[in-house]
Amino acid sequence: MTKVKFPANLLYPIGKLLNWRLSSLEKKKKSIEDEDPFKDTERLNDNASPDTDAAEQFGHARSTALKNELAKKIVQTKKALTSIKYGTYGICADCKKMIDTDRLMVYPEATLCVSCEKKREK
């Protein structure tokens, strides 16, 4: 069985796109970290009114959820960039079959084919 690879002239713009997305994701994560009401460790817990405390709790929960989601996207983007570097971009990390090009067009960070992604989600 011959190993199929994407040509370098096709991978170069994908790599540029992924690097741009990585930079953008890292900036968004930093921005959200700066918005977190709990980032200031010197805040006084016992002085806040109940509604202010509730707003801070909600803001912190929102920031934490967004940061976690962005962290996952950052990891996925780094995996895709690594696969470009090692010549395995477009090949499913689990089953080693080619990932559908339509999937890669929509989600260039994909490292799994649709079948393997569905298996992992279960």
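Helices (H or I, at least four residues) and strands (E, at least two) are DSSP runs, numbered from the N terminus. The model is predicted: local features need pLDDT of at least 70, side-chain atom pairs count only at pLDDT 80 or more, and totals for chains, interfaces and linings use all residues. Residues are numbered from 1 along each chain as its sequence is written, and side-chain values use heavy atoms, with hydrogens and water left out.

View A. M105 is placed in helix α3. With a relative accessibility of 70%, M105 counts as exposed; here buried means under 20% relative accessible area, exposed over 50%, and partly exposed in between (1.4 Å probe, protein chains only). Together, M105, V106 and Y107 form a nonpolar patch on the surface with about 360 Å² of accessible area. Patches are made of residues with over 30% relative accessible area and no salt bridge, like charges being joined within 9 Å and nonpolar side chains (Val, Leu, Ile, Met, Phe, Trp, Tyr) within 5 Å. Accessible areas come from the Shrake-Rupley method with a 1.4 Å probe, and for residues only the protein chains shown count as cover.

**View B. The surroundings of R103.** R103 belongs to helix α3 and is buried, at 17% relative accessibility. A polar atom of the R103 side chain lies 2.9 Å from the backbone oxygen of L112. The side chains of R103 and E117 are joined by a polar contact of 3.4 Å (a pair of N or O atoms within 3.5 Å; within protein, one must be able to donate a hydrogen and the other to accept it, and residues adjacent in sequence count only if both atoms are side-chain atoms). R103 and E117 also form a salt bridge, with the closest N and O atoms 3.4 Å apart; a salt bridge is a side-chain nitrogen of Lys or Arg within 4 Å of a carboxyl oxygen of Asp or Glu. Because R103 lies in helix α3 and E117 in helix α4, the pair ties together parts that are 14 residues apart in sequence. E117 is partly exposed, at 26% relative accessibility.

**View C. The salt bridge between E109 and R21.** The side chains of E109 and R21 meet in a salt bridge of 2.6 Å, N to O. E109 lies in the loop between α3 and α4 (114-121) and R21 in helix α1, so the pair ties together parts that are 88 residues apart in sequence. E109 is buried, with a relative accessible area of 7%, whereas R21 is partly exposed at 26%. Leaving aside neighbours within four places in sequence, R21 is in contact with P108 and E109, where contact means heavy atoms within 4.5 Å.

**View D. The cysteines C113 and C116.** The sulfur of C113 is 3.6 Å from the closest cysteine sulfur, in C116, which is too far for a bond. For C116, the closest cysteine sulfur is in C92, at 3.6 Å, also too far for a bond. The count of disulfides (pairs of cysteine sulfur atoms within 2.5 Å) comes to zero. C113 is buried, with a relative accessible area of 11%, and C116 is buried, at 6%.

**View E. The backbone at K96.** K96 is in the loop between α2 (50-85) and α3 (101-106). Although K96 is not a glycine, its phi is positive, at about 65 degrees. Most residues other than glycine have a negative phi. K96 counts as exposed, at 55% relative accessibility.
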